[in-house]
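Here is a short briefing on a structure with two chains in contact. Look at the structure first, then read the points below.

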Amino acid sequence: MNKQLTKKLAPGHATCAGCGIPAIVRTVLGATDDPVVVVNATGCLEVTSTLYPYSAWKVPWIHNAFENAAATAAGVDGAVKALRKKSKIPADKKIKIVVFGGDGGTYDIGLQSFSGALERGHDFLYVCYDNGAYMNTGGQRSGATPYGADTETTPAGKNSFGKKEKRKDLMSIVIAHHLKYAAQANVAYLTDLKMKAKKALEMEGPRFLLVLQPCTNLWKYPTSEYVRIGKLATETNFWPLYEFENGKYKINWATENPKPLEEFLKTQGRFKHLFKPGNEKVIEEMQKAVDEEWRRLVNLAEI
Amino acid sequence: MRDDKNRVMNLNKNNLALTGGAAAAEALKQINPDVMPVYPITPQTPIIEVFAKMVADGEAATVMIEVESEHSAMSAAVGAQAAGARAMTASSSQGIMLMSEILPIASGMRLPILMFVSARAISAPINIHGDHEDVMAVRDLGWIQFFSENSQEVYDNTFIALKLAEKARMPAMVIMDGFLTSHSVENLEILETPLVRKFIGEYEPKNNLLDMENPMTFGPVSLPNSFFEFKRQQIEAMNGVLTEYENVAEEYEKISGRNHDIFESYQLDDAERAIVVAGSTAGTVKVAVDELREQGEKVGLLKIKLFRPFPYQQIAEALKNVKNIAVLDRTVPLGSNAPIFSEIINSLFELKISNCQLHSYIYGLGGREIFKEDIKKVFDDLKSESKEKVKYIGLK
């Protein structure tokens with residue numbers, strides 16, 4: 001494996017075949033040459049990378065609990081500031097704090113501590129890898145699970161078409177904290193992710209990246225397909241790539257003719273039930289919601 | 001010197017009249033901790049408010065983090081302490097309950113965080129007054145626990161607790177009774193700051209997250225093949241506090257002139273009847289003991305100070321000749337013996353002492369007052385054989 005890529009996260013971790021999380025971590029951490037400290041919420045990444053007595057981390061790394069990665073990062077930030085004051089850390093030594101959390105640890109259980117840390121303006125980059133469900137516990141719905149998806153706790157059945165609620169708009173929640181930089185990215189677009197990580201890492205204060213992470217277990221597709229399916233998420237406008245920087249929105253990828261959402265849905269087992277007779281309306285509603293969200297974003301970007 | 005509701009002017013600069021909360025803040029100022037994540041809860045607020053003003057006035061260089069919950073207060077303290085900083089916080093009641101998920105993470109990661117607790121009842125029903133339910137609910141999560149009788153003990157316990165915590169790499173709680181101690185002004189003698197600094201020394205973490213040249217993984221996954229060994233190490237570290245206590249207390253006595261045994265014996269040597277109690281009520285018991293002694297009654301007090309780790313052996317030795325013992329707990333025992341009462345049973349069992357009568361008393365819940373006359377009644381009660389297993393002081 002490319003030595004540059006594995007400089008901070010070594011091979012030998014135990015993520016599933018076809019998992020994009022290591023690519024997200026390596027791309028983000030590879031975007032800076034400054035020393036980094038990683039704070040990790042409980043979840044797939046934490047569990048698969050630190051099986052004692054082994055650790056895949058070649059950079060300082062801390063895991064505290066599920067819902068408190070941002071608060072833990074706040075403490076690390078406090079320590080850096082305090083130790084600088086006392087000259088225990090040299091003034092010219094830059095230390096970047098990078099948090100990784102899944103959607104459960106960020107949208108749901110960790111939202112309060114994340115919001116607190118954003119509001120207080122700590123110096124950290126928070127990266128949420130969003131696979132749309134609690135995957136470390138085997139696929140239960142989260143606040144990030146799309147409408148209509150079949151999960152272990154919102155199973156499709158005779159009386160159910162899967163999850164009945166829309167996904168939480170985390171980007172808007174984060175942006176409401178008046179931070180300098182927040183961006184939505186996708187592991188299938190690594191160049192775009194790297195550009196965003198680099199930009200974010202060069203700034204100070206709280207910054208946020210929301211990265212789509214197709215999960216072969218939950219989404220139910222062959223492990224070799226994650227890049228193709230990730231791309232379809234963006235090509236159908238299900239997962240637009242955009243930035244919010246110093247008060248301005250910018251769309252990073254757009255097409256005149258987006259693919260119908262069905263193209264994305266039909267590749268995955270979690271939406272299979274939607275193609276059965278009787279569920280046509282669900283797909284229609286999903287397409288409508290995607291179109292509306294895209295129009296909202298285009299309007300914001302034009303301001 | 002600040003002149004506010006928590007501090008009263010005194011001519012001798014080392015003799016102050018402070019609330020327990022302000023005494024804690026005074027100790028904090030002298031320690032000058034690196035990071036202090038704080039979240040307000042009654043009756044802990046005097047500690048963090050007085051200290052925040054000290055920081056604002058440049059009397060301490062601490063980085064304050066005004067977090068959005070107690071859960072985050074303890075989480076940030078873990079992050080800061082792991083990153084090589086001295087991190088401290090303060091809380092109470094529901095706050096302790098909310099952070100209780102992170103308390104064993106602090107001890108499991110062997111981080112000697114110091115926390116003040118203004119001990120208070122826990123809901124429901126909601127009650128903001130002093131009792132020991134909060135600290136008792138978290139007594140087995142790997143935190144060293146010190147009970148304090150008054151402002152002076154809050155102040156002294158802080159330095160002893162910090163030193164023991166950092167030696168053992170285990171976190172510590174300095175407990176004061178909510179309102180009764182946290183908000184009552186009492187006289188105390190403070191030390192010169194250089195003496196305090198010399199006693200506690202610089203914090204030198206064994207493992208440091210910010211050691212960029214030697215990156216370490218903090219808080220990994222441990223499976224059945226390693227978890228047990230981590231826990232065994234913690235058990236040893238906690239037991240080590242008992243061994244280390246005497247040295248640290250002796251060293252502290254040298255700079256302060258104040259003796260701090262692992263517990264306090266008051267008129268206990270020849271006592272036939274004794275009360276065991278923790279916290280501010282010990283002061284009330286002392287007055288009752290003095291008055292009863294004047295009347296020729298052989299009564300005494302054993303005041304619990306270090307509650308975790310519990311000094312079973314030493315306490316059993318101190319109680320071995322007492323015929324009748326009343327153990328007073330300020331905690332609701334729901335389907336069990338009250339916590340201090342249980343520990344006294346355990347202590348006596350350790351020395352195979354069975355020739356004494358032990359009685360459990362519950363008092364002061366939700367801040368219910370306890371008076372000298374109540375204590376005298378308990379001593380009187382100890383004269384007679386009673387069949388009631390648990391008695392309630394001041395219950396209507």
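Two residues are in contact if their C-beta atoms, placed from the backbone, lie within 7 Å. Among contacts in chain A between residues at least 6 apart in sequence, 68% join residues at least 24 apart. The model is predicted, so local features need pLDDT of at least 70 and side-chain atom pairs count only at pLDDT 80 or more, while totals for chains, interfaces and linings use all residues. Residues are numbered from 1 along each chain as its sequence is written, and chains are lettered from A and ligands numbered from 1 in the order in which they are written.

**Chain A overall**
- Chain A has eleven helices and ten strands; these are DSSP runs numbered from the N terminus, with helices (H or I) of at least four residues and strands (E) of at least two.
- The radius of gyration of chain A, taken over C-alpha atoms, is 19 Å, close to the 19 Å that the globule rule (2.2 Å times the number of residues to the power 0.38) gives for 303 residues, so chain A is as compact as a globular protein of that length.
- The C-alpha trace of chain A spans about 70 × 50 × 35 Å along its principal axes.

**Where chain A touches chain B**
- Chain A and chain B each give 37 residues to the contact.
- Helix 3 of chain A supplies the largest share of the chain A side, 13 residues.
- The chain A side has 22 nonpolar, eleven polar and four charged residues; Ala, Val, Leu, Ile, Met, Phe, Trp, Tyr, Cys and Pro count as nonpolar, Asp, Glu, Lys and Arg as charged, and the others, Gly among them, as polar.

- Nine strands form an open sheet with mixed pairing, in the order 10(A)-9(A)-7(A)-8(A)-4(A)-3(A)-1(A)-2(A)-10(B); two strands pair if DSSP finds at least two bridges between them.
- The edge strands are strand 10 (248-251) of chain A and strand 10 of chain B, each pairing on one side only.
- Strand 2 of chain A runs parallel to strand 10 (residues 217-218) of chain B, with two bridges between them, and Ile62(A) has Phe218(B) as its bridge partner.
- Strand 1 (residues 36-40) of chain A also pairs with strand 2 of chain A in the parallel sense, over three bridges; there, Asn40(A) is the bridge partner of His63(A).
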